[in-house]
Amino acid sequence: MAALRIPSTGFLSAFLPVARASLLPDIAPIARRIPLLQHLRPSLLPAALIPIPSLFGELWDGLLRAVPKKKTSHMKKRHRQMAGKALKDVTALNKCSACGRAKRAHVLCPYCVQSIKRWFSTGFKSKQEMEVEKDQQYEVYNEERRLRGSNPIDWREEATQDQKAKAKA
């Protein structure tokens, strides 16, 4: 425990009259009329001269020791902050009424949304219309290759070869 430093009598005899005059200049006439102030006045200044640790007593040593020895690591700090905020299991699953796949409740089916986006991007054409259009594009491309003297490309064979390669992988 920290040692109390009591002011010397010489210091008190020199300091108290000056402090009393500066802190309480007009107290003398009032103190004569109010007896309670006569009892409070002498007890105020010595309390101001007592060092602060003596007011806390045994608590002061505990306050000084309540300091971490090492810096908290980033991992421990994040573990403490994220406690109780883990990902929760998805329990509200429904079947999509359009495609039959599992989807979250009150959320659009991602597969149906993807097909709708594709439908919008193709200009509302069906799969058969898209295949016919693709055939026409390849025919135009093959005609240009024939005019240049290159061999035409059979895109259907390439598509089947690509599908076989994906199936093997």
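Biologist: Why is D135 called buried?
Modeller: D135 has a relative accessibility of 18%, and buried means under 20% relative accessible area, with exposed over 50% and partly exposed in between (1.4 Å probe, protein chains only), so D135 counts as buried. This is a predicted model, in which local features need pLDDT of at least 70 and side-chain atom pairs count only at pLDDT 80 or more, while totals for chains, interfaces and linings use all residues. Residues are numbered from 1 along each chain as its sequence is written, and side-chain values use heavy atoms, with hydrogens and water left out.

Biologist: Where is the place of D135, and with which residues is D135 in contact, leaving aside its neighbours within four places in sequence?
Modeller: D135 sits in helix 8, where helices (H or I, at least four residues) and strands (E, at least two) are DSSP runs numbered from the N terminus. Apart from neighbours within four places in sequence, D135 is in contact with W155 and R156, contact being heavy atoms within 4.5 Å.

Biologist: How many helices and strands does the protein have, and what percentage of its residues count as buried?
Modeller: The protein has 9 helices and 2 strands, and from the N terminus on its elements follow the order α-α-α-α-α-α-β-β-α-α-α. Of its 169 residues, 8% count as buried.

Biologist: What makes the pairing of K125 with E133 a salt bridge?
Modeller: A salt bridge is a side-chain nitrogen of Lys or Arg within 4 Å of a carboxyl oxygen of Asp or Glu, and the closest N and O atoms of K125 and E133 are 2.6 Å apart, so the pair qualifies. K125, with a relative accessible area of 31%, is partly exposed, and E133, at 29%, is partly exposed as well. Side chains of opposite charge can pair when their charged atoms come close.

Biologist: How many salt bridges does a search of the whole structure find, and how do you know that R146 and E143 form one?
Modeller: The search finds 2 salt bridges, and for R146 and E143 the N to O value is 2.7 Å, which therefore falls within the cut-off. Both residues lie in helix 8, 3 residues apart, or about one turn of the helix. R146 is partly exposed at 46%, as is E143 at 42%.

Biologist: Why is H106 called exposed, and why is F124 called partly exposed?
Modeller: H106 has 85% relative accessibility and so counts as exposed, whereas F124, with 47%, counts as partly exposed. H106 lies in the loop between strand 2 (102–104) and helix 7 (110–121), and its phi is near 65 degrees, a positive value in a residue other than glycine. F124 is in the loop between helix 7 and helix 8 (127–148), and its phi is positive too, about 65 degrees, although F124 is not a glycine.

Biologist: What makes the charge of the patch formed by D154, E157, E158 and D162 negative or positive?
Modeller: These four residues gather in a patch of negative charge on the surface, because Asp and Glu count as negative and Lys and Arg as positive, while His and the chain ends are not counted. Patches are made of residues with over 30% relative accessible area and no salt bridge, like charges being joined within 9 Å and nonpolar side chains (Val, Leu, Ile, Met, Phe, Trp, Tyr) within 5 Å. D162, in helix 9 (residues 155–168), is partly exposed at 47% relative accessibility, so D162 passes the area cut-off.

Notes
Accessible areas come from the Shrake-Rupley method with a 1.4 Å probe; for residues, only the protein chains shown count as cover. The place of a charge is taken as NZ of Lys, CZ of Arg, CG of Asp or CD of Glu.
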